[in-house]
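Biologist: Before I rely on the labels in this model, I would like to hear what stands behind each of them. Could we go through the terms one by one and set the values against their definitions?

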Amino acid sequence: MMGPPTIARPEIGMVVLQPTAFCNIDCTYCYLPDRDSRHVMAQSTVARVFDEVFASGWASREIIVLWHAGEPTAAPISFYREAFAAIERGRPPSVGVKHSFQTNGTLINDEWCRLFRDWNVGIGVSIDGPRDIHDRHRKTRRGGGTFDKTLAGIRCLQRNGVPFHALSVLGSAGLDDPDAMLAFYESERIDKVCFNVEESEGTYISELFASSREELRARFTAFLRRFWHNARANGRVKFVREIDQAVPRLFRPDGMPARNIQCEPLAMLNVDSHGNVSTFSPELLGMKNADYGDFLLGNINVDSLADIHAACLASRLHRDIRAGMQACEKSCEYHSVCGGGSPVNKLFENGSFISTVTSFCTLTQMVPADIILEAYERLEQAWVDPTKAATPADIISSPPPTVEATAQPSRMP
Ligand code: SF4
């Protein structure tokens, strides 16, 4: 028997805004359904989102505003200058706002860099590795490769002194060659990296999912262990999200729960370019399902945040996601690190929110936790017996995660 839904006060930690659904390129694994639509979010919608968020008293001390779910640089720079200024005018002093872009990098120029610097925008650039790996899936609308343009965008960021991290989707080729991946980042002076293992999305079937969950787990473990060890050993790649983001979740003060904002009502507020609102995993926005319809809870142009919250609490969506978290809590030894997983992956991999293990959680929670604990055990052995060297260059030397590199749900392409 499930208890009544929690009526806890929401705490909004991230607002994912879709400035436009449009994307100027056409990756083979893209899950965004409306990427041909050139509609751009109205400034009145941006203003309304933040009027509601700030007036609600539900904002965290710092809100990450992630501009994504289409290519954010496909909207004009003037759109952001106006939107950022309006948000800043309404921002209470007690709430910090950190803007963040996840971009394919192909349209970045000096003017974009000025915007990024002026507003201290966190930037993630999607680049899958060396040219032959990147161009396999990240295609122009005419089917050509996008490597040169993405790299030109990265070089422009570097020239202008704009910090960024790389986000790489790992397919078969990258997964089997951690040394080539590391050599690529080093040669391009990319020092912060994040990995998403390629998934089957919509009509795209990843060849990785032909293998069993255990085979994929072993493959990714081998990749990540070697990549991390070598990156730490030479120090040129300083941040590996899968490890550096997991360390503080594993080693945290007693009694501090691992927060999972994909499972808390309104902790992630996801708004499409028309003002439609959903919460939980941002990938649900724009998807349809026989049991849950379009996953929408209202439209911010006409509904208050309080009404949207009430609709969420009353929904089957909330009830089932909560039941899935409770199932995880009962059955999974990684729950204290993970906090209940990614609802969208439970639904699409297992066919139900009321489920537990997915390939996604195996790769993003279990594998990093195992590798860190493995290293920690070696470290402990070295403390007991100093003749046993502790490698990799000690977890303790890991730098703290950067805000921008931790800002996005790990599944975004
Ligand atoms: S690791 Fe997987 S099974 Fe375990 S709590 Fe997270 S989502 Fe649930």
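**Helix 7 and its surroundings**

Modeller: Let me begin with packing: the buried residues of helix 7 are set against helix 4 (131-137), helix 5 (147-159), strand 5 (164-170), helix 6 (172-175), strand 6 (192-197) and helix 8 (213-234). This is a predicted model, in which local features need pLDDT of at least 70 and side-chain atom pairs count only at pLDDT 80 or more, while totals for chains, interfaces and linings use all residues. Residues are numbered from 1 along each chain as its sequence is written, and side-chain values use heavy atoms, with hydrogens and water left out.

Biologist: Which residues in helix 7 are the buried ones?

Modeller: Within helix 7, which spans residues 178-187, they are Pro178, Met181, Leu182, Phe184, Tyr185 and Glu186. The helix is followed by Arg189, whose phi is positive, near 55°. Helices (H or I, at least four residues) and strands (E, at least two) are DSSP runs numbered from the N terminus, and the chain contains 16 helices and 10 strands.

Biologist: What makes Asn234 count as partly exposed?

Modeller: Buried means under 20% relative accessible area, exposed means over 50%, and partly exposed is what falls in between, with a 1.4 Å probe and protein chains only. Asn234 has a relative accessibility of 32%, and therefore falls in the middle class. Asn234 belongs to helix 8.

Biologist: With which residues is Asn234 in contact, leaving aside its neighbours within four places in sequence?

Modeller: They are Leu182 and Glu186, where contact means heavy atoms within 4.5 Å. The C-alpha atoms of Asn234 and Glu186 are 9.9 Å apart, although 48 residues separate the two along the chain.

Biologist: What is the phi of Ala69, a residue other than glycine?

Modeller: The phi of Ala69 is positive, near 70°. Ala69 is found in the loop between strand 2 (59-67) and helix 2, and it is called buried because its relative accessible area of 15% is under the cut-off.

Biologist: Why does Phe280 count as buried?

Modeller: Phe280 has 0% relative accessibility, and therefore belongs to the buried class. Its phi is also positive, near 65°, in a residue other than glycine, and Phe280 lies in the loop between strand 9 (276-278) and strand 10 (298-299).

Biologist: Which residues touch the most other members of the largest nonpolar core?

Modeller: A nonpolar core is a set of buried Ala, Val, Leu, Ile, Met, Phe, Trp, Tyr and Cys residues joined through side-chain atoms within 4.5 Å. The largest one has 104 residues, of which Trp67, Phe101, Phe116, Tyr185, Phe227 and Leu269 touch the most other members. Helix 15 (residues 359-384) gives the largest share of this core, eight residues. Apart from this core lies another, of five residues, among them Met14, Val16, Leu66 and Met268.

Biologist: What does Leu269 touch, not counting residues up to four places away in sequence?

Modeller: Leu269 touches Ile12, Met14, Val15, Val16, Val49, Val53, Val277, Ser278 and Leu305.

Biologist: Which residues are around the ligand?

Modeller: The shell consists of Cys328, Cys332, His335, Cys338, Gly340, Gly341, Thr356, Val357, Cys361 and Met366, where the test is a heavy atom within 4 Å of the molecule. Helix 13 (335-338) and helix 15 each supply at least two residues of this shell.

Biologist: How many of the residues of the chain count as buried?

Modeller: Of its 413 residues, 55% do. Among the contacts in the chain with a separation of 6 or more, 71% come from residues 24 or more positions apart.
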